[in-house]
Amino acid sequence: MRHLILRLLAITLLVFPVALRAEMTLLMAEEDGCMWCARWDSEISEIYPKTPEGNAAPLRRVDIHAAMPDDITLERPLYYTPTFVLLDNGREVGRIEGYPGEDFFWGVLGVLLRDAGILIETSG
C-alpha cells in the first residue's frame, strides 16, 4: 500500500508540477488619462499574454485609486502609474515604477522573475 501511495505521489508530481509552483502575477496599477499606461497598452499589452513572461506571471490590472483587493499584500503604497508589481501568491516580490519603454520593461521584468526563481528563456 505504501508503494502505491508513493507511486501515485510521484505521478502527481510529474503530471501537475505547476500546482506546486508559486502562483506569480504581474499587477498593473493604472489610472484613467495616464499617457504611460496608454503607451504600455499600445506597445506591450497585446503581446504580453503570449510571452514566456506573461505565461509565468499573468497580468492583473487595478485602478491605483481603488481599494487594494484583499488577496494582495504590498510592501509599500502605490504612487505612480503605471506601477507593475510582481506578486508571489499575492505578496509583493518586486516592483517596476513607471514605463520608459519596451526595452526597460522587458529587461527589468526579466530580472524580477529571475530573482523570484522563475527562469525565462530569451532569444537574445
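Here is a walk through the aromatic pairs and nonpolar cores of this structure. Keep in mind that you're looking at a predicted model.

Let's start with the rings. The model holds nine aromatic pairs. Take Y48 and W106: their ring centres sit 6.1 Å apart and their planes meet at 15°, so this pair counts as stacked, the cut-off for stacking being under 30 degrees. Where do these two residues come from? Y48 belongs to the loop between α2 (35-45) and α3 (52-56), while W106 is part of helix α4 (residues 102-115), so the pair ties together parts that lie 58 residues apart in sequence. Y48 is also buried, because its relative accessible area is 1%, and buried here means under 20%.

W40, Y48, F84, Y99, F105 and W106 form one aromatic cluster.

Several of those names come back when you look at the nonpolar packing. The largest nonpolar core has 20 residues, and the members that touch the most others are W40, Y48, F84, F105 and L109.

Leaving out residues up to four places away in sequence, W40 touches M28, S45, Y48, L59, R61, F84, Y99 and F105. That list includes Y48, F84, Y99 and F105, which are also members of the aromatic cluster.

Apart from the largest one lies another core of eight residues, including A29, V62, I64 and I72. V62 makes a handy way in. You'll find V62 in strand β2 (residues 59-63), and V62 is buried, with a relative accessible area of 12%. What does V62 contact beyond its neighbours within four places in sequence? The answer is L27, M28, A29, E30, M68 and P69. One of these, M28, is 34 residues from V62 in sequence, yet their C-alpha atoms are 6.2 Å apart in space.

Definitions and conventions:
Residues are numbered from 1 along each chain as its sequence is written. This is a predicted model: local features need pLDDT of at least 70, side-chain atom pairs count only at pLDDT 80 or more; totals for chains, interfaces and linings use all residues. Side-chain values use heavy atoms; hydrogens and water are left out. Rings of Phe, Tyr and Trp (its six-membered ring) pair if their centres lie within 6.5 Å; planes under 30 degrees apart count as stacked, over 60 as edge-to-face and the rest as tilted. Helices (H or I, at least four residues) and strands (E, at least two) are DSSP runs, numbered from the N terminus. Buried means under 20% relative accessible area, exposed over 50%, partly exposed in between (1.4 Å probe, protein chains only). A nonpolar core is a set of buried Ala, Val, Leu, Ile, Met, Phe, Trp, Tyr and Cys residues joined through side-chain atoms within 4.5 Å. Contact means heavy atoms within 4.5 Å.
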